[in-house]
Structure formats: C-alpha cells, structure tokens
Amino acid sequence: MNIVLHTLIAAGVPALFAGFIWLLGGRISALVRFQWLLSPVAVGGGYLLTHILISGMPPLPPTDATHWLFYFALAGVALAWLAELPADYRWLWGAVVLLALGWMTVLGFKPLIESGYWTPVGGIRNVVLLSVATWLLMVLVAPNGEQEQGAGLPFLLTTLGGLSAGLIFYNKSASLGQLTGSLGAILGMGVFLGWLLPAFRLGRGAVSLALMLMAWLWAFAYGYAELPAHFLALLYLAGVSLAFNRWQPLARLHPAAQFGLRLALLLLLAGIPLLLSFRAYIAAQSEYLY
Amino acid sequence: MSKVRKHRWLAYSGVLAMLMAPIESAMAQQVTYRVDPVHSFVIFRVKHMNTAYAYGRFNSFSGTIVVDEKNPANSSVKFEIDANSIDTGNSQRDDHLRGPDFFNVRQYPKITFKSTSVRRINANTFEVKGDLTIRGTTRPLTVRVTYVGKGRNPRGQEIIGFETTFTLKRSQFGVSYGLNGGLSDEVRVTIAVEAIRQ
C-alpha cells in the first residue's frame, strides 16, 4: 500500500471512530448522560485503532517498550472514567493516576536501565520526573475539559498534537510521530463536533487521557528516539499552557482573547522547537526523506 | 607408603589416564578462533521503494568460532553485533535506523547469533543452525557457511576465513516500519569473517 494512503487511513479511520462515538453521546438523547463514559472511549478507542493500524497489535508484554502505550491507553480509559468522579472524591483520581503513572513509567523505561543506556540513578530520576510532569499536566488541564464548550479546546489540543508530531518526526521517529499526528487527528474530529454542536464538551476524562497519551509519546520519543530533553520540557510547558485561562488574571479576559493567548503560547512553546528541528534537518543536507 | 598401596595408586592413575584420553583428544581437536573485526564484514541490502537496493554495514561486532575439523558436529559459532554501529553512509538515515522504527538500539543494543548445530555438507560447505536475536525477538536460522581458507597473518597467528549469505524477513523480528511500500521485508545479509586462533 502507498505510504501516504496508509498514513491517511491510520489517521482517518480512528478519527471517524472517535467522531461516531462523540456523536452518539451528543445527539442521541438516551446517551447524552453517558457522554462522560463515551468521550474517553472515543479518545482511547481511537488511539487503540491507530496503534493497530500503524504498528500492529502488540504482544503482552510487548517486546518493544514503546508498544506499552497500547496497553496504557486501555488502562487510561478506566483512569479517565475515574476523572469524572464528583469533586469531593477527585483526590482519589489524582492519587490513582499518580500511582498508575509511576508504575507505567517504570514499565516503559525499565529497558533503558537494563540495557545500560540510562544509569540506575539517572533512570530513577527520569522515571520520577516523567511521572510527576505527566501527572501535573493531566491534573492541571483536565478541568478545562469540563469547563470549556465548543471547538476551542479541541482545536488547541489538535494543534499541540500536530506540532509535537512534526517535532517527533524530525527527531528520528516516524512511527511515534505518526501516532502523535493520528492522536491529533482524533482530537481534530472534536473540533468539527465542537463547531457542529456548540454545547460539545470533551470532558475531564477525555482531556486527561488525550494529554496522558500525548505525554507518553513525547516521553518515548525522548527515551527511545532523539527528542532532546529541553524540547520535551517545552512540550510539557506547552501542554500546561492550555490551563492558563483558568489563572485568575487571565480568567477575566474575553474567551476569544484567552483562546488567542493560549494558541500563541502553544505556537511559541511547541512551534519554535519544531522550527529549530526542521532547520537542523534541512541544514544536514542529507536528502534523506525516510 | 607400602609397596602394595603404591602399586594400587599407580593402577588407579593408569585407569584414570586411559579414561581421560578420549576427552583430551576431543579437546585437542576443537580449536577456538576469535573474529578479527578489522578483517571481517557484516553487510546487508534491502530494496528501497521496490526500485533499487540500498546497502549498509555494521562496523562493530565480535564472535568466536570453535572448529572441530574431524567432527564438525562439535563445532560452534557465537556472534554479536553492536546494533548502534549501523552505517549506511548517511547519518540521518543511520539515526533513524537506530531508533524505535527499526533496531531500537537503546532498548536492544545487540544483535546475536548462537549456533545450535553444525553439519558438514561437502568439503568446504557447512550447514549452521542457530538462534538469531534481533530487537529482542529470537528465531531459528539456518545458514550455509563456506570455508574460504586458512593461513597466517603478518603477526604469525593462525587465521581462518568463512563467509555466509542469507536472507531474512525483518518483520519476523518486529522490524516492520516502512513495509507499506518503502522498504522490502526481505533483507539479504552477508557475513565474511577472518578469525584468529586463540
């Protein structure tokens, strides 16, 4: 099969799946109250589909550590449902997510310590940093999924997915880049639905799941491909910038201004690393196009 | 020591020597050679865009060959390639090949082969069966190895040469990126070794 056609299918089919699930929860009155359950299924199920289409069905345990993400996405759907707990019990979600992320990070990066690429001390430091950074990203941005209606938040998430996909691609992993781009396409379907259904909300669970998957793709690109640590840090900051509109001084701004400011921050924090990576790629004059 | 005890000890020693003789003889027939990386080569080719062959090599590897000329079944081969040393003449492509799309060298830095049996087919050809491990996946592999020659290097060390060419499907080892039109599944590998007697 043609590479371009395969890429389009790998992004398009999961996006259509996610759109269908979101539509079920948005249009069918009997299912509207289950949107909190369906929205994480749209994101998680869409990712599982894209993973199978791009990398195949991984064995359990996977031989390749980056394929843990398939199983993390499955677990992530359950964590996303937990994110929808009433406010009084959300601490439980936070605690479970932190524990789960710690365990997942050990699974995902233990091979780098075993192979000697990371020293035991450096490995433990990285595992702790990645777990805490991903936890902060999920916990800080998840409330936006509940508060924001329409196409704005899905558009920002799609932009983050697209920029980070390009960044990973230019840092030597086409498959991780492709997975990130397809995750962006799934969220892109949310933009379409947000425009179609103005009351459309991604929900806390789906936003936290989408960010967890994206952060994992960044982290794997850092651990197993060539994404530099400072670009990884900028990607985390770009993700956290999605929550800046809830910061008191900015919360008073007009929603359009909040959106514009966050988009500008995204372009700055994720776009500049992409531009620098692209320039480095061009400067190498290698003519290598994968 | 009494005369009787001395004779009994000598008798035991003689029996032990007779029992050990075949083992010693077998040991003497097995000669171990160490692969000389300077005069050995691991090269591969893969079809690009179903149009042309792209060639590459691994620059760092090691191995031992145990040769039993009288009884080749007692021979064995161990070979280890540093996957990080891949070299296709383009640094961008080499970085990509080292990454998770292909060899995932940070998780799996070594490619290994360990023989399980050796059989002589004719005077200069051997069938070597063994386990090949690439990217954490081990699969059986059978190759035909040609004995090239024997001699001495400028240092006066005894050297021996072998060569083998075989084709494998990279997807069987989990190296599946680019199968959709970019790169062929079949990879032809040639290993030519010169090994020094230890």
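View 1. Buried means under 20% relative accessible area, exposed over 50%, and partly exposed in between, with a 1.4 Å probe and protein chains only. At 36% relative accessibility, Leu140(A) of this predicted model therefore counts as partly exposed, and Leu140(A) has its place in helix 6 of chain A. Together with Leu98(A), Ile124(A), Val128(A), Val132(A) and Leu136(A), Leu140(A) makes a nonpolar surface patch of about 490 Å² (patch residues have over 30% relative accessible area and no salt bridge, nonpolar side chains being joined within 5 Å).

**View 2. The interface of chains A and B.** In contact (heavy atoms within 4.5 Å) are 29 residues of chain A and 22 residues of chain B. The side chains of Arg106(B) and Glu226(A) meet in a salt bridge at 3.6 Å, N to O (a side-chain nitrogen of Lys or Arg within 4 Å of a carboxyl oxygen of Asp or Glu).

Residues are numbered from 1 along each chain as its sequence is written, and chains are lettered from A and ligands numbered from 1 in the order in which they are written. In this predicted model local features need pLDDT of at least 70 and side-chain atom pairs count only at pLDDT 80 or more, while totals for chains, interfaces and linings use all residues, and side-chain values use heavy atoms, with hydrogens and water left out.

Key
Patch = residues over 30% accessible without salt bridge, like charges linked within 9 Å, V, L, I, M, F, W, Y side chains within 5 Å. Areas by Shrake-Rupley, 256 points an atom, 1.4 Å probe, with all protein chains shown as cover. Helix = DSSP H or I, 4+ residues; strand = E, 2+ residues; numbered from the N terminus.
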